[in-house]
Amino acid sequence: MMTLLQLLVLVYIIYKVFPILRRFFSTGTMVSEQVLSKTKALIKDHKVFVASKSYCPYCSQTKKLLESLNANAFVVELDTEPDGSDIQAALLELTGQRTVPNVFINGEHVGGNSDLQALNSEGKLKTLLKN
Ligand SMILES: N[C@@H](CCC(=O)N[C@@H](CS)C(=O)NCC(=O)O)C(=O)O
């Protein structure tokens, strides 16, 4: 039977030998502190912040809904920003969400387009935007 020590050694070997695994398990260290701070500021400094991509149909739906409610969202199109992919990586680290749109209201993570649409259907979005 394998002892705990042997198991730990095995895990360590796998971790060392397979850089892809290491990369997968260490997303936290991939984003610079500078980009992380910038992303946190984007979330904190705007009542409504949307990380978007200009060609993304879900993002269009989100922007359309927010516009219809006069939410005055601050939108960053990640595909047209030089550091867009870094911001996307920071958002993944902060929220666990990889996709766009990535929506924040009052500094809180709302989620993607389906989450925003659901909030609206439940009648909760307007209240959130008023607070
Ligand atoms: N269920 C998600 C779907 C979002 C989605 O699939 N977005 C695509 C772009 S249209 C995406 O983020 N793909 C990965 C990427 O662009 O990095 C939502 O409602 O927001």
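N72 is an exposed residue, with a relative accessible area of 73% (exposed means over 50%, buried under 20%, and partly exposed in between, using a 1.4 Å probe and protein chains only). Please keep in mind that this is a predicted model, where local features need pLDDT of at least 70, side-chain atom pairs count only at pLDDT 80 or more, and totals for chains, interfaces and linings use all residues. Residues are numbered from 1 along each chain as its sequence is written, and side-chain values use heavy atoms, leaving out hydrogens and water.

**Around the ligand**

- The shell around the ligand includes K53, Y58, V100, P101 and N113; a residue is near a molecule if one of its heavy atoms lies within 4 Å of it.
- A polar side-chain atom of K53 sits 2.9 Å from a ligand oxygen atom.
- V100 brings a polar backbone atom to 2.8 Å from a nitrogen atom of the ligand.
- For N113, a backbone N or O atom lies 2.8 Å from an oxygen atom of the ligand.

**A cis peptide bond**

- Between V100 and P101 the peptide bond is cis, with omega near 0 degrees.
- You can find P101 in the loop between α5 (84-95) and β3 (102-105); helices (H or I, at least four residues) and strands (E, at least two) are DSSP runs, numbered from the N terminus.

**Positive phi angles**

- N72 has a positive phi of about 50 degrees, although it is not a glycine.
- The loop between α4 and β2 (74-77) holds N72.
- N106, also not a glycine, has a positive phi near 55 degrees.
- N106 belongs to the loop between β3 and β4 (108-111), and it is partly exposed at 34% relative accessibility.

Technical notes: A polar contact is a pair of N or O atoms within 3.5 Å; within protein, one must be able to donate a hydrogen and the other to accept it, and residues adjacent in sequence count only if both atoms are side-chain atoms.
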